[in-house]
Amino acid sequence: KMKLEKTIQLQCAWRSYIARVRTEAMRQLIRDREARLEAEEQERQRQAAEQHEREVQRRLHPRTQQDFEILYNELEEWRYKETARIKEETTSGTPERRAAMQELLAQETKLIQTIDR
């Protein structure tokens, strides 16, 4: 009878040990996965920041034809939006609209000269 009790006790201890080992292994897998996900997220953020910095440098210091095309396209989009805003805020043929359009033309000319340098 005592041998049976000790056997049951030993089995209980062994099963408890195995359960703790498996649980710790599962926790370690979870920690590893979370660390990997965190590292991937940091890498994505780093790459996004580098890409943003490259885009800023391309706009500040254009070198290729494509860089200049990007700047001219953005200038054209800006001019279109400003023209639409002016037309929306003023009435046709008024001195205010004429002055705003002249101001827009002056700004556009200045920006084109800045791009061409």
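Modeller: Helices are DSSP runs of H or I with at least four residues, numbered from the N terminus, and the expected span of a helix is 1.5 Å times one less than its number of residues. This is a predicted model, so local features need pLDDT of at least 70 and side-chain atom pairs count only at pLDDT 80 or more, while totals for chains, interfaces and linings use all residues. Residues are numbered from 1 along each chain as its sequence is written, and side-chain values use heavy atoms, leaving out hydrogens and water.

Let's look at helix α2, residues 65-89. Buried here means under 20% relative accessible area, with a 1.4 Å probe and protein chains only. In α2 that label goes to Asp-67, Phe-68, Leu-71, Leu-75, Glu-82, Thr-83 and Ile-86. These buried residues pack against α1 (2-60) and α3 (95-116), where contact means heavy atoms within 4.5 Å.

Now for the α3 side. The axes of α2 and α3 come within 11 Å and cross at roughly 170 degrees; axes are lines fitted to C-alpha atoms over the stretch in contact, with angles from 0 to 180 degrees between N-to-C directions. The two helices are therefore roughly antiparallel, a label for angles over 145 degrees. Among the residues that meet are Phe-68, Tyr-72 and Trp-78 of α2, and Met-101, Leu-104 and Ile-115 of α3.

Note on methods. Buried < 20%, exposed > 50% of the residue type's maximum accessible area, 1.4 Å probe, protein only. Parallel < 35°, antiparallel > 145°, perpendicular 65-115°, else oblique.
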